[in-house]
Protein chains: 4
Amino acid sequence: MIAALVFLVAFAVPIVNPGLPRGLRATLMTVQDVVWAIFLVDYVYRVLVAPKKWEFVRKHPIDLAAVALPALRPLRLVAALSFVHQVAGEKLRGHVAMYVAVATILVVTISSLAVLNAERGEPGASIETWQDALWWSFVTVTTVGYGDYAPVTAEGRLFAVGLMLCGIALLGIVTASLASWLIERIAEPDPAKQPATAADVTALTEQVRELRAEVLALRGGQGT
Amino acid sequence: MIAALVFLVAFAVPIVNPGLPRGLRATLMTVQDVVWAIFLVDYVYRVLVAPKKWEFVRKHPIDLAAVALPALRPLRLVAALSFVHQVAGEKLRGHVAMYVAVATILVVTISSLAVLNAERGEPGASIETWQDALWWSFVTVTTVGYGDYAPVTAEGRLFAVGLMLCGIALLGIVTASLASWLIERIAEPDPAKQPATAADVTALTEQVRELRAEVLALRGGQGT
Amino acid sequence: MIAALVFLVAFAVPIVNPGLPRGLRATLMTVQDVVWAIFLVDYVYRVLVAPKKWEFVRKHPIDLAAVALPALRPLRLVAALSFVHQVAGEKLRGHVAMYVAVATILVVTISSLAVLNAERGEPGASIETWQDALWWSFVTVTTVGYGDYAPVTAEGRLFAVGLMLCGIALLGIVTASLASWLIERIAEPDPAKQPATAADVTALTEQVRELRAEVLALRGGQGT
Amino acid sequence: MIAALVFLVAFAVPIVNPGLPRGLRATLMTVQDVVWAIFLVDYVYRVLVAPKKWEFVRKHPIDLAAVALPALRPLRLVAALSFVHQVAGEKLRGHVAMYVAVATILVVTISSLAVLNAERGEPGASIETWQDALWWSFVTVTTVGYGDYAPVTAEGRLFAVGLMLCGIALLGIVTASLASWLIERIAEPDPAKQPATAADVTALTEQVRELRAEVLALRGGQGT
């Protein structure tokens with residue numbers, strides 16, 4: 001996870017600040033390569049350790065993508081998905097709202113970096129600074145879509161479509177959480193009118209069983 | 001279904017690639033006509049075979065539309081709806097998410113082709129290449145709507161309205177699936193607190209019936 | 001209802017077709033006034049007939065608005081709300097989806113007329129023909145919002161905000177219907193695992209009551 | 001609450017009407033400072049009175065924000081959040097729909113003031129009058145997003161993102177309310193098919209208990 005964070009920083013700095021001296025830029029590229037190598041080693045290790053190797057590969061597609069995709073430079077940031085998944089996944093156990101908030105912020109940030117990287121300097125592109133990219137990212141994920149900024153390159157649009165789908169998912173999660181909370185809150189508060197629980201019926205069954213035992217004792221007494 | 005696929009390809013190629021030689025273009029038009037003829041024959045056959053002819057026509061409006069509408073050239077792609085319905089309908093039995101994903105991709109692709117076909121070359125039109133059309137399609141179906149591309153012809157706008165309504169349906173399906181999943185997940189995990197099932201009550205009723213038999217036996221014993 | 005339809009037509013024609021001869025235009029205005037007078041008489045009659053006059057006024061705010069507002073020319077179309085409510089309300093009893101479809105089409109049509117009426121000829125306005133107004137209406141109600149057309153007058157924006165709120169309601173209704181359908185469909189199909197119904201428990205109670213009668217008979221037999 | 005209203009008015013007037021004479025403007029600024037001082041005194045008093053001081057501070061983050069943030073001039077309006085919360089919170093007990101309506105109107109109004117304050121006079125800004133700001137606010141909160149007006153300053157965009165998130169919440173609340181209402185309305189109306197209530201089972205258990213008492217009496221009779 002720390003490796004993923006370092007990777008993210010090493011990726012973000014040269015994108016946000018295009019006027020970096022060449023030496024520093026080269027260093028950060030090296031850092032990226034090193035972190036990716038760490039990811040690769042970690043993944044290979046986990047595959048080798050796993051009892052059923054093929055099943056492990058099939059069941060962890062995000063991990064595989066995080067390792068395989070960065071080989072293509074522009075898709076590097078997808079590796080950060082692994083980071084989102086890890087950080088957010090741990091929060092999930094606690095609270096859905098927290099997970100959604102953290103995941104949204106990470107997806108918005110990473111998308112803005114990826115689109116900025118794809119768009120800057122392209123002819124006709126409007127997204128040229130990280131502030132604009134971040135603003136565009138929020139406008140997109142909420143499905144508002146002013147259109148004051150919009151990607152024009154194929155790569156930028158690919159990330160944009162991903163972000164839009166995340167936006168739809170975000171809308172869905174917010175609505176679904178509210179709906180399930182509302183439905184629960186509305187539920188009948190009068191205990192007598194609530195559905196009979198399995199425990200109620202089990203208690204009753206126990207009573208009937210004891211009754212049968214008593215009736216059997218009666219028959220025994222009659223026999224005497 | 002293979003016929004529908006051929007039709008789709010024969011439709012898509014001349015739209016995406018407007019610089020086709022005249023001969024090839026004419027051939028593809030012929031292919032479209034042939035496939036449509038196959039659809040027509042297949043539909044007429046199924047109507048004739050059906051025991052109640054009028055009921056069959058009334059209950060399969062999409063099939064009818066797929067056969068009748070292509071007579072009007074610009075509405076040809078609606079025939080592809082039949083294809084979407086067939087392919088996606090089979091997946092549905094397996095999984096809702098899969099159905100939604102396949103249907104969305106098909107609707108987006110077909111809409112982008114239809115709008116590109118309607119818009120290209122029109123005065124004031126901004127959608128001129130299939131890449132732009134696909135991008136516009138995604139921006140519309142997610143209800144983001146940047147407005148960097150927008151149809152200007154009546155025909156293009158008709159398809160656009162259809163796509164927007166699909167977008168609303170998509171949003172609705174994503175949200176509804178999440179809501180039903182969440183409501184299920186939240187459900188009480190303590191088995192004793194779950195509502196009594198019909199099986200519980202049936203088991204109890206059986207016990208009471210046996211008890212009555214025993215009491216009757218008791219009365220019989222008393223009579224002796 | 002027929003009166004409302006006549007009113008709608010008398011309202012729509014001069015808006016959609018601004019080049020009407022003066023005489024016809026004046027006639028249509030007179031028709032509007034006459035229909036409004038009919039509404040007024042009908043409303044006053046219903047108030048006078050009602051046993052509790054003030055309660056009737058308080059409980060039918062839409063009827064009151066439909067009668068009072070048309071006095072201000074530009075808000076005339078709100079009277080058509082009464083029409084929407086009547087037509088759609090009758091369908092509701094049958095089917096929610098039908099109601100939503102009819103109401104949406106009517107709201108979209110009326111809004112496009114109202115905004116066209118407010119915008120046409122204003123400096124800086126982009127909505128100048130009924131086709132553009134209708135297109136703008138659909139783009140707004142689906143919350144896509146390209147921004148290729150947007151109202152610039154206070155009156156046009158007032159109707160636009162109303163239309164947007166309808167759009168949110170539309171989205172909500174579509175999603176909610178899908179959610180309730182999905183939750184129902186997902187419900188446990190195994191009858192033994194469904195919650196015990198009140199009927200099941202009533203049947204069991206009846207059995208226990210008969211058992212008690214038999215035990216009482218036993219006691220009677222013992223007494224002999 | 002009256003203090004919050006005075007604060008809101010004192011804040012809104014100089015923003016909406018930039019051509020105020022200097023003296024009046026200065027007076028309003030003083031009013032703002034006085035109201036803020038009242039807030040501060042009220043908050044400090046409540047902290048001192050509270051039995052567990054730290055817990056009170058931790059549990060009322062909005063109150064703290066309302067007091068601390070206005071020290072930074074541009075974030076002053078966040079203090080009005082306290083007002084929204086108080087007014088709307090009281091309505092909530094009555095009715096969710098009312099709460100949502102009041103909260104939406106307040107959030108839209110306050111956001112339009114905040115963005116107008118941030119944008120007016122900035123180079124490239126399009127939001128220059130309170131009418132435009134209010135229109136932009138509605139276009140944003142409904143996630144329509146025409147893009148005819150959009151903030152260009154960092155501060156304006158910060159408020160815009162907040163408004164967008166409110167818009168998503170609004171959509172979610174409308175949908176969730178409709179869904180819970182629909183699910184309730186669809187619920188089985190046949191009383192015999194409704195789930196057995198805890199009361200039903202309790203009544204049955206009582207019957208079985210009386211039966212056992214009778215059987216015991218029978219055994220007693222036999223003993224004689």
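Predicted model: local features only at pLDDT ≥ 70, side-chain atom pairs only at ≥ 80, totals over all residues.
For residues 34-50 of chain A, the span is 94% helix and 0% strand, and its end C-alpha atoms lie 24 Å apart. Residues 159-183 of chain A are 100% helix and 0% strand, with 36 Å between the end C-alpha atoms of the span.

Ala114(A) belongs to helix α6 of chain A, which comprises residues 96-119. With a relative accessible area of 4%, Ala114(A) is buried. Ala176(A) is 62 residues away from Ala114(A) along the chain, and 29 Å separate the C-alpha atoms of these two residues.

**Interface of chain D and chain A.** Here 44 residues of chain D are in contact with 41 residues of chain A, and the area buried between the two chains is about 3,500 Å², 70% of which is given by carbon and sulfur atoms. Arg157(D), Ile168(D) and Arg212(D) supply 19% of the area that chain D buries against chain A, more than any other three residues. Between chain D and chain A, four residue pairs are in polar contact, with both residues of each pair at pLDDT 80 or more. On the side of chain D that touches chain A, the elements giving two or more residues are α7 (130-141), α8 (154-186) and α9 (198-223) of chain D, and α8(D) makes the largest contribution, with 16 residues. By class, this side of chain D has 28 nonpolar, eleven polar and five charged residues.

**Salt bridge between chain A and chain D.** One salt bridge is found across the interface of chain D and chain A; it pairs Asp132(A) with Arg157(D), whose closest N and O atoms are 3.1 Å apart.

**Salt bridges at the other chain pairs.** Over all chains, the structure holds four salt bridges. The side chains of Asp132(B) and Arg157(A) meet in one of them, at 3.1 Å from N to O; Asp132(B) lies in helix α7 (residues 130-141) of chain B and Arg157(A) in helix α8 (residues 154-186) of chain A, so this pair joins two chains. Both Asp132(B) and Arg157(A) are buried. Arg157(B) forms a salt bridge with Asp132(C), with 3.2 Å between the closest N and O atoms, and this pair crosses from helix α8 of chain B to helix α7 of chain C. Arg157(B) and Asp132(C) are likewise both buried.

**Salt bridge between chain C and chain D.** A salt bridge at 3.1 Å, N to O, links the side chains of Asp132(D) and Arg157(C), crossing between chains from helix α7 of chain D to helix α8 (residues 154-186) of chain C. Asp132(D) counts as buried at 14% relative accessibility, and Arg157(C) counts as buried at 10%.

Definitions and conventions. Residues numbered from 1 in each chain as written. Chains lettered and ligands numbered in written order. Heavy atoms only, no water. Contact = heavy atoms within 4.5 Å. Buried area = accessible area lost by both parts, 1.4 Å probe. Polar contact = N/O pair within 3.5 Å; in protein donor to acceptor, adjacent residues only side chain to side chain. Helix = DSSP H or I, 4+ residues; strand = E, 2+ residues; numbered from the N terminus. Nonpolar A, V, L, I, M, F, W, Y, C, P; charged D, E, K, R; others polar. Buried < 20%, exposed > 50% of the residue type's maximum accessible area, 1.4 Å probe, protein only.
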